[in-house]
Amino acid sequence: MSIIEVRQLTKSYRVYKKREGLSESIRGLFHREYSEVEAVRGIDLDVQQGEFVAFLGPNGAGKTTTLKLLSGVINPTSGTASVMGYVPWQRKNDYRRRFALVMGQKNQLWWDLPAQESYRLHQQIYGIDADQFKTTLSELTDLLDVGRLLSQPVRELSLGERMKMELIAALLHSPEVLFLDEPTIGLDVIAQHNIQKFLRYYQEKRKITILLTSHYMKDIAALCKRVVIVADGRIEYDGSLSGIIDKFSGSKIITLQFAEGHRPSMSTFGEVLDENWPKVRVRVNRADVPRVLAETLRDNPIEDVAVEDPPLEDVIADLFRETSERNLQNAASVAANSR
Ligand SMILES: Nc1ncnc2c1ncn2[C@@H]1O[C@H](COP(=O)(O)OP(=O)(O)OP(=O)(O)O)[C@@H](O)[C@H]1O
């Protein structure tokens, strides 16, 4: 049985439509108008115990909303979800003790107090046994190498140190499911790497289930075998990272090294990406690769040739661009039909 089961989950936010101009603003105080933002539009998802799943998607795709729904922070508009057998938005205390939510953009630690004070409060709230608390805290502080920072006010810590402290707070009660929303946002490469290393080690050791959102491909490549791409509130892809290229990339990159002195017209090969004569990189439709290679090798003195997939980041950026253009077109046709 799946540890997380989501069926046709939707969430619409009701937002106040602010009017332009002073008189309209005053009128708006008495006749409020609202519009609906459909943040999540019918998500189905099954996650097995011990999986580390990445949620990838452009800004506003509905990733944070989905994590908030699964953590019971907000109620859905429709649909069902079960996490370890609990309905998240029933907010049962037993459920709270078994999961944690970490949001990279929000602090849960007291800003003016040392982290250890907040941890003691967590111990009380979660009813963690004193010996267990001591052991877990010392294990986590050792792993993240932050023992010396425990008694320093949180506001004095760097962003990376603070994120480590936030992770400790989230893991003190040993949750079985962890929702991580952008845990490395704003961190430099070294701090990002440290957090990745810790998460990989901790997940492998404890076999907990993690859902992670991140805009950093490096986080995702380092941590997750399974990637769920969300765009405009819907799941567009659910599979391996490498499968994204197979599914969404319609092209390959061919690098050609010509013999000195020979300079053919490049447009015949495909879209020229860069030209550093005698080396040229061109993008070619996947289906055309065999023909382009055969013709190029037949008609030109070539010293070297390489065929590669386009970088994953580019494929994902193209996919995000396509889905947002499609959504804009859909929204425009819905608006036109409703006139
Ligand atoms: N509290 C709210 N009230 C109204 N609209 C909201 C609220 N929270 C989110 N939204 C809207 O819902 C949509 C999805 O937002 P969400 O934060 O879930 O996206 P996201 O994929 O996490 O984006 P990002 O990558 O930028 O964090 C957006 O259009 C956003 O403006």
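## Ligand shell

Residue classes come first: Ala, Val, Leu, Ile, Met, Phe, Trp, Tyr, Cys and Pro count as nonpolar, Asp, Glu, Lys and Arg as charged, and the others, Gly among them, as polar. On that basis the shell around the ligand holds 6 nonpolar, 6 polar and 1 charged residues. In total, 13 residues surround the ligand; a residue counts as near if one of its heavy atoms lies within 4 Å of the molecule. The closest are Asn59, Gly60, Lys63, Thr64 and Thr65.

This is a predicted model: local features need pLDDT of at least 70, side-chain atom pairs count only at pLDDT 80 or more, and totals for chains, interfaces and linings use all residues. Residues are numbered from 1 along each chain as its sequence is written, and side-chain values use heavy atoms, with hydrogens and water left out.

## Polar contacts and cover

Polar contacts here are pairs of N or O atoms within 3.5 Å. Lys63 places a side-chain N or O atom 2.8 Å from an oxygen atom of the ligand. Gly62 uses a backbone N or O atom, at 2.9 Å from a ligand oxygen. His215 has a polar side-chain atom 2.9 Å from an oxygen atom of the ligand. The protein covers 64% of the 640 Å² of accessible area that the ligand has on its own (Shrake-Rupley method, 1.4 Å probe).

## Pocket and elements

The ligand sits in the second largest pocket. A pocket is an open set of points on a 1 Å grid over the protein atoms alone, where a 1.4 Å probe fits, with protein on both sides within 12 Å along at least five of seven lines. To sit there, a molecule needs more than half of its atoms within 2 Å of the grid points.

Strand S1 (4-16), strand S2 (34-47) and helix H2 (63-70) each give two or more residues to the shell. H2 supplies the largest share, 3 residues. Helices (H or I, at least four residues) and strands (E, at least two) are DSSP runs, numbered from the N terminus.

## Domain record

An unreviewed UniProt entry places "domain: ABC transporter" at residues 4-257. Such annotations may be inferred rather than shown by experiment. The span is 37% helix and 29% strand, and its end C-alpha atoms lie 51 Å apart.

## Backbone exceptions

Most residues other than glycine have a negative phi, and most peptide bonds are trans. Gln8, in strand S1, has a positive phi, near 45°. The Trp277 to Pro278 bond is cis, with omega near 10°. Pro278 lies in the loop between strand S11 (271-276) and strand S12 (279-285).

Notes:
A polar contact is a pair of N or O atoms within 3.5 Å; within protein, one must be able to donate a hydrogen and the other to accept it, and residues adjacent in sequence count only if both atoms are side-chain atoms. On a 1 Å grid over the protein atoms alone, a cavity is a set of points where a 1.4 Å probe fits but cannot get out, and a pocket is an open set with protein on both sides within 12 Å along at least five of seven lines; lining residues have an atom within 4 Å of a point.
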